[in-house]
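Look over the sequence and the model, then read the points below.

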Amino acid sequence: AKAARGLADDLASTTLIATDKRVLMAPAMNVRMWLHPAVQANVARLATFPGPGVAFVGPDEGDMACGEFGPGRMAEPPAILDAIAAELAGPAARLLAGRRALVTAGPTFEPIDPVRGLTNRSSGKQGYAIAAALARRGAEVTLVSGPVALDAPPGVARVWVETALQMQAACQAALPADVAVMTAAVADWRPDQVATGKIKKAPGGPPSLALTENPDILAGLSAAGPRRPGLVVGFAAETEDLIGNARRKLSRKGCDWIVANDVSADVFGADGNAATLITAAGEESWPRQSKTALAGTLADRIARHFTGTPE
Ligand code: CTP
């Protein structure tokens, strides 16, 4: 509010009014404060400042220290660092400018009847963080998302889907793309038939569900012929023989890279993630880091791939 009005009555607000440099704001406050029209008007006003101007990173959506939930959480420190690097380097940091990226995220939901369905556990956090990291590096990002409770990252075009078949169609529609990163937890099967009315409990016991296998979206994109993205990246969630299973997945699915995740520990819904990048050339271990940081590591790796910097 002070910055928007030019009020300078303490060191921070005086510095803001005394500088001729660009300012990066990382706002953090209670959700109701953030959504208050007075605050939103101040944010909108700051964004119109001419000259070097004011940029924003965050806020994120999530749990707040006060116990509420919503937008207002401070952006993750790695995201702030990314934003600072992008501001300092200017257009040079936009290493993926002009590149089109496709990211899948979240679970799919396969309806059984109007009130029930089959789904997988996935918060979508890792995929959303990757979409955000690619967009911060200048890529034009389409995020094909199953049902999750996350906001679309700034500058990312989100396409909502529910089922694996819809996800596959949305991915095809998003082509051509230079890079595809498939993080979605796609349900392997869907009910053969979807009941039009709610299936009632019957004296004869529970109904049997006949299942059909869903298409493998990653394998399909990897074999898309001339429409195949130049770099296709899959994820492998494994509980045992991480590297062996991931390497077999790489060749079975025909993708270029696999980011292998050990999900035997606490990963689902958590903010931390450790991973191994598996390529034809070898393996790189990435230590446990926040999902935002891991997304930045992967996005940098993708940028290096396209700029031809030695891998
Ligand atoms: N994937 C996909 N379409 C599917 C299944 C998986 O695109 N129908 C993608 C995921 O997005 C991920 C990768 O394939 O990038 C691996 O997913 P995972 O669940 O680990 O592999 P599965 O093929 O289900 O193999 P398995 O059940 O044998 O571990």
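**Thr-279 and its surroundings**

Beyond its neighbours within four places in sequence, Thr-279 is in contact with Arg-247, Leu-250, Asp-256 and Trp-257. Keep in mind that this is a predicted model. The points below cover the loop that holds Thr-279, then helix α5, then the domains.

**The loop site**
- Thr-279 sits in the loop between β15 (272–278) and β16 (283–290).
- Its relative accessible area is 9%, so Thr-279 counts as buried, the cut-off being under 20%.
- The side chain of Thr-279 reaches the backbone nitrogen of Ala-281 at 3.0 Å.

**Helix α5**
- Helix α5 covers residues 77–89, which makes 13 residues.
- From first C-alpha to last, α5 reaches 18 Å, close to the 18 Å expected at 1.5 Å a residue.
- Ala-79, Ile-80 and Ala-83 are the buried residues named in α5.
- The buried residues of α5 line one face of the helix, because they fall within an arc of 100° seen down its axis.
- Those buried residues pack against three elements: β1 (23–25), α6 (125–136) and α10 (291–307).
- Pro-77, Leu-81 and Leu-88 are exposed, on the other side of α5.
- Gly-90 follows α5 and has a positive phi, near 65°.

**Domains**
- The domain assignment of the protein chain gives domain 1 as 2–75 and domain 2 as 93–307.
- The centres of domain 1 and domain 2, taken over C-alpha atoms, are 33 Å apart.

Note on methods:
Residues numbered from 1 in each chain as written. Predicted model: local features only at pLDDT ≥ 70, side-chain atom pairs only at ≥ 80, totals over all residues. Heavy atoms only, no water. Domains from an automatic or database assignment. Helix = DSSP H or I, 4+ residues; strand = E, 2+ residues; numbered from the N terminus. Expected span 1.5 Å × (residues − 1). Buried < 20%, exposed > 50% of the residue type's maximum accessible area, 1.4 Å probe, protein only. Arc of directions from axis to C-beta. Contact = heavy atoms within 4.5 Å. Polar contact = N/O pair within 3.5 Å; in protein donor to acceptor, adjacent residues only side chain to side chain.
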